[in-house]
Amino acid sequence: MIITTAISFFLLPLLGGVLVRLLKPEAKWLRLLLSFSGAFLLGVVFLHMLPELYEEAGMGIGIFVLAGFLLQVVLEFFSHGIEHGHVHAIPGKALPWITLLSLCLHSYTEGIPFADPSVAGNVPFLAGVLLHKLPMAVALATVLLRSGTPLWTSWAILVIFALAAPLGIATGVMAGENLGHHFLHNMLGIAIGMLLHISTTIIFESAPEHRFNAQRFLAVLVGAGLALVSIH
């Protein structure tokens, strides 16, 4: 299951690149997907992952959840919000390497807990993270396209980004063998904190006017409802 998860994390950013090159999806559909994925991910975290993590790791895990939340605040200062679908591209200006590094660090950290078979085998949580990854990859590919980045350079950047999460999983496997399950619990806390920041930001800021409309509200309700059904 861990290998399948790593392959899924690698292929999804490449799929995002293909979608952008072939279909050039409109911002409207990306915002709806973001609203759905954000609500689903938030629901899975609150209804399932956080209660189980606190039960297994104790109250001290809250420090790591908060650390992950704050880490994401710092990362988004450099990534300019690509994690939650923001597309800021200047024609002719290449993607800053610090932005790519920030995105890769986010993905790498997020991947580490999936070295735990119980996390990799948690289908709702895995689905939520993958659903968040797809619009993230689409946003990155869109930035590369709009900035005029050469085709092969764009694909090289997407491959580098795609490798970050599998490398995180590999790190988790090796570190888990030496440091034990406690390490993976702590990393899961950090990842959940990061996802809490991203999912709440997605829900409230995935439209330029920062206001709900009927379609976005329906997408949020469907995502939250699916999360509720998925834990039973």
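## A tour of helix α3 and its nonpolar patch

Start with α3, which gives the nonpolar patch its largest share, three residues. This is a predicted model, where local features need pLDDT of at least 70, side-chain atom pairs count only at pLDDT 80 or more, and totals for chains, interfaces and linings use all residues. Numbering runs from 1 along each chain as its sequence is written, and side-chain values use heavy atoms, without hydrogens or water.

**Select Val 74, Phe 77, Phe 78, Ile 98 and Leu 101.** Together they form a nonpolar surface patch with about 500 Å² of accessible area (Shrake-Rupley method, 1.4 Å probe, with only the protein chains shown as cover). Patch members have over 30% relative accessible area and no salt bridge, and nonpolar side chains are joined within 5 Å. A salt bridge puts a Lys or Arg side-chain nitrogen within 4 Å of an Asp or Glu carboxyl oxygen. Both α3 (62–79) and α4 (97–111) supply at least two residues. Helices are DSSP runs (H or I, at least four residues), numbered from the N terminus.

**Select 62–79.** α3 has 18 residues and reaches 25 Å from first C-alpha to last, close to the expected 26 Å (1.5 Å times one less than the number of residues).

**Color Val 65, Gly 68, Gln 72, Leu 75, Glu 76 and Ser 79.** These are the buried residues of α3 (under 20% relative accessible area; exposed is over 50%). Seen down the axis, they fall within an arc of 100 degrees, so they line one face of α3. The arc uses directions from the helix axis to the C-beta atoms.

**Turn to the other face.** Exposed Ile 63 and Phe 77 sit there, away from the buried side. Phe 77 has a relative accessible area of 62%.

**Finish at His 80.** Just after α3, His 80 takes a positive phi of about 60 degrees.

Terms used
Patch = residues over 30% accessible without salt bridge, like charges linked within 9 Å, V, L, I, M, F, W, Y side chains within 5 Å. Buried < 20%, exposed > 50% of the residue type's maximum accessible area, 1.4 Å probe, protein only.
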